[in-house]
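Work through the exercises below with the sequence and the coordinates at hand, and try each task before reading its solution.

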Amino acid sequence: MAASGKFSTFRLPPLPTLREIIKLFRLQAAKQLSQNFLLDLRLTDKIVRKAGNLTNAHVYEVGPGPGGITRSILNAGIAELLVVEKDTRFIPGLQMLSDAAPGKLRIVHGDVLTFKVEKAFPESVKRHWEDDPPKVHIIGNLPFSVSTPLIIKWLESISLKNGPFAYGRTQMTLTFQKEVAERLVATTGSKQRSRLSIMAQYLCSVKHLFTIPGQAFVPKPEVDVGVVHFTPLIQPRIQQPFKLVEKVVQNAFQFRRKYCYRGLGMLFPEAQRLENTGRLLQLADIDPALRPTQLSVLHFKSLCDIYRKMCDEDPQLFAYNFREELKQNKELKKTKHKNIAEKEEEEESYGC
């Protein structure tokens, strides 16, 4: 569908307020789905404004709920808005918006974690990865329960250039618990520095745009909410497979208060752990007494590059999981103790 001038002048007609929609369709936030509604249209307008220029853009909104952000997106001069909503209770209210914006709003009843968005928009919006970001945006007020697994899924999609990133360097503007937002942008040495910091920052330029106080939501969550913007980088700062980077980073932050060699050691089987951990750190030129929060993305680049070489030398290394080895050792110990007890019992019976 080609964009035309009429897109930028569209405004929604007068509609029932969000509170009236909630009352009309008897909507209540489901605690088990960690839903919180944002009803202040000044704040939803601010989220959409901070997402960038949406004129004639194709927008993918995740978890629209009663449609607060949806209204703000529709009033931003977009070409098309696709919303994916898992909760059937919200579909009638969204359909009302669709009727008020003919040809603008597509509603999919589905799960954002499994929805295939790569064929949702026209081929014409695709851009080469090296070009400016395409006129495709992802915007969403994410339920807390799904925000971390979803951003990890999308970060992997960035590394593979698939899913929403089949169109190019698609930008994302998403809400997270304030603590998660702070982790995503945390700098080297800060106490919020975490696995999420590295995974996001090696693939994207990440900005914490602003914080929304918890009392702005219905029902009020126990925490404030951070709005975070992601722009995928042309070149990732670590050029290794996502799963390899994820494994190194996860292990490093496993014991975040210990020295980094402690967590990184878990990349290796117990028998060669000391030797291989020392080799990894030496070749990566990293002080073993640094704590995980003190490691920069550049440090992790060196660690991942050396670990990749070690995996190439030993093809079974990448598949190693220290928890599996622990489990096996416990089973062996249990079996050994059982055999000793049976033997002692047998010897006692002969002595009677």
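Two strands pair if DSSP finds at least two bridges between them, and strands (E, at least two residues) and helices (H or I, at least four) are DSSP runs numbered from the N terminus. The model is predicted, so that local features need pLDDT of at least 70 and side-chain atom pairs count only at pLDDT 80 or more, while totals for chains, interfaces and linings use all residues. Residues are numbered from 1 along each chain as its sequence is written, and side-chain values use heavy atoms, with hydrogens and water left out.

**Exercise 1.** Determine the strand order of the open sheet and state which strands stand at its edges.

*Solution.* The seven strands follow the order 4-3-2-5-6-9-7, with mixed pairing. Strand 4 (105-109) and strand 7 (204-212) each have a single partner strand, so one side of each is left without a neighbour in the sheet. Strand 7 runs antiparallel to strand 9 (residues 225-232), to which eight bridges join it, and Thr211 has Gly226 in strand 9 as its bridge partner.

**Exercise 2.** Describe how helix 8 (residues 242-252) packs against helix 11.

*Solution.* The axes, which are lines fitted to C-alpha atoms over the stretch in contact (heavy atoms within 4.5 Å), with angles from 0 to 180 degrees between N-to-C directions, lie 10 Å apart at an angle of about 115°. Residues of helix 8, including Leu244 and Val248, meet residues of helix 11, among them Phe300 and Leu303. The residues of this contact divide into nine nonpolar (Ala, Val, Leu, Ile, Met, Phe, Trp, Tyr, Cys and Pro), no polar and two charged (Asp, Glu, Lys and Arg).
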